[in-house]
Each structure stands twice: as C-alpha cells, then as structure tokens.
Amino acid sequence: MNRYFIFLIPVAVIAIFWAMSRYEAKGRHDPTRKSFFERNGPVLGLVFIGLVAFWALFLVVLPYLYMVQESFHPRLPPLKRGGPEDFLTSEQYRSFFVEPSSGHWNVTHMAAFLFSIVASVAVTALNFAICYPLAYYMAQAGTAQKVRLLMLGLIVPYWVNEVLRAFALRLLMASKGLINQAMMGLGLIDTPIDFLGTDTGLYVGLSYAYLLVMIFPLYNAIESLDKNQIEAARDLGAPWWRIHKEVVMPYAKPGIASGCTMVFMLSAGSLAAPQFLGGPNTLWFTSIVYDFFFQGFNWPRGAAYAFILLTACIFFVMAMLRLFKVGLGETIR
C-alpha cells in the first residue's frame with residue numbers, strides 16, 4: 001500500500017499551499033488589484049488551473065515521488081511486490097558506493113557520476129562563452145533585420161529531432177567524416193583526428209543541443225538594459241571588458257543564472273548526445289540509469305541512481321546561486 005500512498009502526498013501539498021495563499025491574501029488584501037478569476041473569468045481561470053495542475057502533478061510531481069518511493073524497495077518480480085519480501089530498505093543507495101556482488105567500492109559508477117557532473121559544468125561554461133557575445137550583439141548592437149536573420153538561423157536547426165542532430169554530428173566528426181576529410185584534403189592534417197574518442201564530439205554535441213536554452217535568457221536580460229548606461233561607461237573611458245564586467249554582466253545576472261542552471265541540468269540528464277557522441281571509454285551516468293531501467297529491469301536501483309543525480313544537481317545549482325548571490329525567483333522571471 002505504501003506505493004499507492006505516494007499519490008496522496010501531492011493532494012496534501014496542494015491543500016497546504018492553497019491554505020497558505022488564502023491566509024496571505026487576507027493579510028495583504030489590495031482592493032485596487034483584481035483577483036485571478038476577475039482578470040481571466042471563471043471558465044478560463046478553471047481551464048488554466050486545470051492544465052497547470054495536470055502538467056505539474058502527472059508529468060512532474062507524481063513521477064518523481066513514485067521514483068523516490070520505488071528506490072527504497074528491493075528488486076522483486078511483479079508477483080512478489082507487496083508481499084513479505086517487499087520492505088523498505090536503503091540497499092539501492094548503498095549499491096552506488098559498494099557493489100553488492102563483490103563488496104568492493106563501486107568505482108565505475110562513482111567515476112561516471114563525477115565525470116558527468118564535471119563535464120556538465122564544462123559544457124555550461126563553453127555554452128556561456130559562445131552565447132554571451134551572440135546575445136549581447138542581438139540585444140544591444142545588431143540591427144533589427146540582422147537580429148531576425150540570426151534568430152532564424154539559430155531556431156531552424158532545432159526543428160530537427162535531438163537524436164537526428166546528434167547522429168548528424170557523429171557523421172561530421174567521425175574519423176572518415178566531413179571535417180576530417182576536408183582538413184586532410186586541405187593538407188592541414190596527415191591523419192584523421194579522433195574527435196569522438198577524445199570526447200570532443202560529446203562537448204560539441206551537448207553545447208549545440210542546449211544552445212537556445214542559454215541564449216534566450218541572456219538575450220532577454222541584456223535586451224532590457226538601457227543603452228545609455230553602456231554609452232555613459234564608454235564616455236567615461238571604460239574599456240570594453242570593464243563595461244561587460246561592471247555594467248552588463250551584473251545587470252544580466254538573473255539571465256546568466258537561469259541559462260547556466262538549465263544548461264547544466266539538461267546536460268547532466270542528457271542521454272542521446274552521450275550515447276551517440278561519447279567515446280568508447282566514456283560512461284555517462286544517465287546511460288547507467290537507462291540500463292538499470294530498460295536492460296537490467298532493476299527499477300529500484302535505477303530510481304535510486306536517478307534520485308542521487310537529481311539531488312546532486314539541485315545542491316550544485318543552489319550552491320552556485322548562493323555563490324553568485326542570485327535568488328531562485330530571479331532566475332525564473
């Protein structure tokens with residue numbers, strides 16, 4: 001029954017937050033401000049609430065809650081679930097550190113986890129280095145026509161599925177791919193470069209996959225910056241790097257935090273790009289989680305590993321927001 005009890009948790013959480021919002025609304029009542037239903041009408045208001053509630057509950061909250069609950073159970077056949085052998089245990093989390101079959105440290109999985117986190121940080125930094133100049137040009141320097149063309153050029157490739165884009169990059173970066181053949185034809189290299197074996201293809205693929213996720217928050221933040229502030233700094237003799245360091249970047253901090261947070265989370269949880277563009281010795285953590293779910297059919301251990309990754313990513317993001325003194329609410333405006 002504890003598996004089905006998880007479905008009651010969202011109802012309790014919603015009730016608590018609804019009561020808190022009602023209490024706060026009574027304490028801070030503003031007669032000049034219209035309520036949600038007064039602005040949207042009863043029918044449209046109920047539609048909005050229903051759609052958001054359905055999306056949040058059935059596509060976000062319940063899957064994660066069920067995953068957490070499943071991670072505290074042993075691996076059992078479906079017929080034995082709910083029986084005397086089904087009990088709460090932390091065995092699946094211990095298996096991340098100690099391999100159950102051998103009793104030794106699970107170096108392989110811990111190394112894959114650490115590599116995924118470090119590589120996601122590198123991809124986030126690379127993505128920011130690429131997108132910041134583009135976002136600044138579109139928001140402050142480019143003409144309207146050039147911005148539209150550049151925006152169209154950025155969006156059109158994303159009409160293609162992510163798996164197809166990753167496979168296309170693999171064809172480009174293979175030993176006999178277009179890039180190596182072109183460089184050898186021009187006489188720049190004598191032997192093909194192993195882009196995939198050195199994980200270069202992985203970093204390029206992840207950076208390319210989440211380019212728009214970084215550039216749009218940066219563009220929205222920088223676009224609202226008054227150009228007079230930049231001109232004033234330039235008139236006072238500030239060099240270009242100081243203008244960006246002390247004027248543009250502090251103002252665009254919420255956009256930077258939002259873009260970096262989304263790119264990091266999506267990179268750490270990516271599956272297609274590591275599968276297609278990773279080298280023969282590259283083991284991405286989400287590939288391990290996928291194998292537990294769909295190859296080994298060990299759902300409790302896969303759920304435990306997924307929750308470990310989710311928790312680590314959340315702690316890392318919150319630490320970075322605290323380090324850069326940016327509130328979580330600022331990143332989602």
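Glu231 and Arg234 join their side chains in a salt bridge, with N and O 3.0 Å apart. The model is predicted. The salt-bridge count comes to four.

- Arg234 and Glu231 sit three residues apart in helix 12 (residues 227-235), so about one helical turn separates them.
- An α-helix has 3.6 residues a turn, so residues three or four places apart point the same way.
- Arg234 is partly exposed, at 41% relative accessible area.
- Glu231 is also partly exposed, with a relative accessibility of 38%.

- Arg242 and Glu246 pair through their side chains in a salt bridge, at 3.0 Å from N to O.
- Both residues belong to helix 13 (residues 240-251), where they lie four residues apart, about one turn of the helix.
- Glu246 is partly exposed, at 46% relative accessibility.
- Arg242 is partly exposed as well, with a relative accessible area of 40%.

**Salt bridge between Lys80 and Glu85**

- Lys80 and Glu85 form a salt bridge whose closest N and O atoms are 3.8 Å apart.
- The pair counts because the cut-off for a salt bridge is 4 Å.
- Lys80 is partly exposed, with 40% relative accessibility.
- Glu85 is partly exposed, its relative accessible area being 42%.

**Ends of helix 12**

- At the start of helix 12, Asp226 places a side-chain oxygen within 3.1 Å of the backbone nitrogen of Asn228.
- Gly237 follows helix 12 and has a positive phi, near 90 degrees.

**Helix 6 against helix 16**

- Helix 6 (residues 107-141) and helix 16 (residues 285-294) have axes that come within 8 Å and cross at roughly 130 degrees.
- Helix 6 is therefore oblique to helix 16.
- Helix 6 contributes His109, Ala112, Phe113 and Ser116 to the contact, and helix 16 contributes Phe285, Ile288 and Phe292.
- The contact of helix 6 with helix 16 has five nonpolar residues, two polar ones and no charged ones.

**His244**

- His244 lies in helix 13.
- His244 has a relative accessible area of 15% and is buried, because the cut-off for buried is under 20%.
- The His244 side chain makes a polar contact with the side chain of Tyr132, at 2.7 Å.
- Beyond its neighbours within four places in sequence, His244 is in contact with Tyr132, Tyr136, Met249 and Pro250.

**Thr198**

- Thr198 lies in the loop between helix 9 (178-185) and helix 10 (200-209).
- Thr198 is exposed, with a relative accessible area of 51%. That value qualifies because exposed means over 50%.
- The side chain of Thr198 makes a polar contact with the side chain of Thr200, at 3.0 Å.
- Thr198 and Gly278 are 80 residues apart in sequence, and their C-alpha atoms are 8.4 Å apart in space.

Definitions and conventions:
Residues numbered from 1 in each chain as written. Predicted model: local features only at pLDDT ≥ 70, side-chain atom pairs only at ≥ 80, totals over all residues. Heavy atoms only, no water. Buried < 20%, exposed > 50% of the residue type's maximum accessible area, 1.4 Å probe, protein only. Helix = DSSP H or I, 4+ residues; strand = E, 2+ residues; numbered from the N terminus. Polar contact = N/O pair within 3.5 Å; in protein donor to acceptor, adjacent residues only side chain to side chain. Axes fitted to C-alpha atoms, helices over the stretch in contact; angles between N-to-C directions. Parallel < 35°, antiparallel > 145°, perpendicular 65-115°, else oblique. Contact = heavy atoms within 4.5 Å. Nonpolar A, V, L, I, M, F, W, Y, C, P; charged D, E, K, R; others polar.
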